[in-house]
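Reader: Please walk me through this model. I want the criterion behind each term.

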Amino acid sequence: MKDKYLMELLQQVRSGEIDVDKAYDELKDMPFRDMGFANVDNHRAIRTGFPEVVFCQGKTPQQIRDIMAELAAHGGNIMGTRAGRDDFEAVKEALPQAVYFETARIIAVLDDQGGGDESGERGERSEKPSVAVVTAGTADIPVAEEAAVTAEILGNETDRIYDVGVAGIHRLFAKLDRIRAADVVIVVAGMEGALASVVGGLVDTPVIAVPTSIGYGSNLGGLSALLSMLNSCANGVGIVNIDNGFGAAYLASVINGNRR
């Protein structure tokens with residue numbers, strides 16, 4: 001439920017367009033709606049600026065459908081993360097406008113224009129808040145796409161810069177103008193996770209590092225990359241959990257919202 005929706009509803013009550021009973025019916029589920037299997041937080045958009053995001057892993061397709069339909073009834077861009085094709089098909093039955101970003105594993109119901117899998121190139125700061133999503137390798141792209149699509153749905157211009165890891169560091173230097181043009185940089189890396197430190201030493205903007213579970217045995221499912229990033233000597237680098245592209249993009253959007 002957005003601030004705009006709430007203000008319009010109150011204005012309609014004041015003007016007499018709707019009566020108090022109807023307004024009560026609209027607002028009675030405002031804090032949350034108890035659906036039996038879930039308590040849907042309809043108040044979150046007012047508190048944080050964005051509706052509750054559905055973590056689909058572990059939920060049934062029918063549960064995901066019902067939760068997203070409830071959220072969509074209150075407006076705004078609605079997201080479901082870690083979603084499979086079966087989850088999407090169930091949601092689309094209730095919400096025909098839903099779209100699925102397969103690589104990112106995100107279901108989205110877009111009230112505003114945004115989201116996508118298209119790559120763009122920029123070299124100058126945009127008027128719109130911007131995020132550069134940088135990966136060490138091609139294998140890191142699924143986590144990077146979760147970050148990129150999330151960032152776009154949250155209203156950021158996104159620049160994808162993939163496969164520029166430290167094993168061929170000249171590839172990174174060739175893209176520095178685009179990376180430096182972003183307001184926030186998200187660096188996604190598995191293996192030893194060194195790319196985040198390198199980027200952190202080359203830019204004057206916040207860097208959010210995302211360790212991935214990509215790597216051989218001693219990568220320990222992303223733990224090695226996580227520990228390397230936590231031990232970074234580069235200033236201005238923050239770290240989210242392993243494979244958490246969504247969390248990185250949400251944090252980038254909060255940073256951009258506070259800086260603009």
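**Terms and values**

Author: Of the 260 residues in the protein chain, 48% are buried. This is a predicted model, where local features need pLDDT of at least 70, side-chain atom pairs count only at pLDDT 80 or more, and totals for chains, interfaces and linings use all residues. Residues are numbered from 1 along each chain as its sequence is written, and side-chain values use heavy atoms, with hydrogens and water left out.

Reader: What makes a residue of E6 "buried", and which residues are buried there?

Author: Buried means under 20% relative accessible area, with exposed over 50% and partly exposed in between (1.4 Å probe, protein chains only). Ile106, Ala108, Ile107 and Val109 are all buried. Ile106 and Ala108 point one way from E6, and Ile107 and Val109 point the other way. In a regular strand the side chains alternate between the two faces of the sheet.

Reader: What counts as a helix or a strand, and how many of each does the protein chain have?

Author: Both are DSSP runs numbered from the N terminus: helices are H or I with at least four residues, strands E with at least two. The protein chain has 11 helices and 11 strands.

Reader: How do you know that E4 and E6 pair?

Author: Two strands pair if DSSP finds at least two bridges between them. E4 (residues 78-81) and E6 (residues 106-109) have 3 bridges, so they pair, in the antiparallel sense. Gly80 has Ile107 as its bridge partner, and Ile78 has Val109.

Reader: What joins E5 to E6?

Author: Again 3 bridges, with the strands antiparallel. Val99 stands opposite Ala108 in E6. The two strands form a hairpin with 4 residues between them, and Arg105 in the turn has a positive phi of about 60°.

Reader: What makes a pocket a pocket, and what volume does the second largest pocket have?

Author: On a 1 Å grid over the protein atoms alone, a pocket is an open set of points where a 1.4 Å probe fits, with protein on both sides within 12 Å along at least five of seven lines. The volume is the space filled by probe spheres set on the points, which are joined across faces, edges and corners. For the second largest pocket that gives about 170 Å³.

Reader: Which residues line the second largest pocket nearest its centre?

Author: Lining residues have an atom within 4 Å of a point. There are 15, of which Ala136, Gly137, Gly165, Met191 and Glu192 lie nearest the centre of the second largest pocket.
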